[in-house]
Amino acid sequence: MDALASVFIWLDYAAVAVFAATGAMAAAQRKHDIVTFGFFAAVTGVGGGTMRDLLLDAPVFWVTRPDYLIACMLAAVAVWVFGTGQARLKVLLWLDALGMAAYSVVGAAKASALGVPPISAIVMGVLTACFGGIIRDVLADEPSVLLRRELYVSCALVGASVFVALEALGLSDFSAGMGGFVAAFLVRAAAIFWGWMLPAFPGRGGDKTP
């Protein structure tokens, strides 16, 4: 875990900042004030990691490292100052993909280091990568990422699963972490480029015909 943490430390901060920026953008679309910008940014940026740590009964990471909150506030200020143009939204989409991929691995790695079973470690990776966005969507009254057919949660699932599998095969933290990160990012990149979606349920909603 130490080797993996040393590799992803800056990407970890970047992921928090990127997720925080998406929260601030949600506030911008609703024309909220700067305080709400900061709140949306913080909740989105650290929400997934907070839930992970609470479930693992581990110290919540940002309580002893308030620099994560500072990163969230800086992201909120940046969105407030520079706005939400279409070009910036496209860049943020790709940065979000990088952040999701990193967090899916970091979350699974932290759980694994604490002795959590493999399946639970995978769940923790997915939760770390996605829960902040779920909170953001609820606060912004937007359709949750869980209710969208686009590949996003599935990408985090791929990343966390690859990391846990490679770790179980005896690969180093670095190799397993990079494998999981690359897998999650490539699937998400393909979904962005080609609009990949999971197949929908073939039945007809509300159809009571036997």
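## R30 and its partner

Let's start with R30, which has a relative accessibility of 38% and so counts as partly exposed, since that falls between the 20% and 50% cut-offs. Keep in mind that this is a predicted model. R30 forms a salt bridge with E142, and their closest N and O atoms are 3.4 Å apart. R30 sits in the loop between α1 (2-29) and α2 (34-55), while E142 is in the loop between α6 (118-139) and α7, so the pair ties together parts 112 residues apart in sequence.

## A buried network

The salt bridges come to five in total. Three residues, R52, D53 and K110, are linked in a network of them. D53 pairs with R52, with the closest N and O atoms 2.9 Å apart. D53 is buried, at 0% relative accessible area, and R52 is buried as well, at 5%.

D53 also meets K110 in a salt bridge, again with 2.9 Å from N to O. This one links distant parts of the chain: D53 belongs to helix α2 and K110 to helix α5 (residues 86-113), 57 residues apart.

## Helix α7

Now for α7, which covers residues 153-168. Its 16 residues reach 23 Å from first C-alpha to last, close to the expected 22 Å.

Which residues of α7 are buried? They are C155, A156, G159, A160, F163 and V164. Looking down the axis of α7, these buried residues fall within an arc of 165°, so they line one face of the helix. After α7 comes G170, with a positive phi near 95°.

Methods:
Residues are numbered from 1 along each chain as its sequence is written. This is a predicted model: local features need pLDDT of at least 70, side-chain atom pairs count only at pLDDT 80 or more; totals for chains, interfaces and linings use all residues. Side-chain values use heavy atoms; hydrogens and water are left out. Helices (H or I, at least four residues) and strands (E, at least two) are DSSP runs, numbered from the N terminus. The expected span of a helix is 1.5 Å times one less than its number of residues. Buried means under 20% relative accessible area, exposed over 50%, partly exposed in between (1.4 Å probe, protein chains only). The arc is that of the directions from the helix axis to the C-beta atoms. A salt bridge is a side-chain nitrogen of Lys or Arg within 4 Å of a carboxyl oxygen of Asp or Glu.
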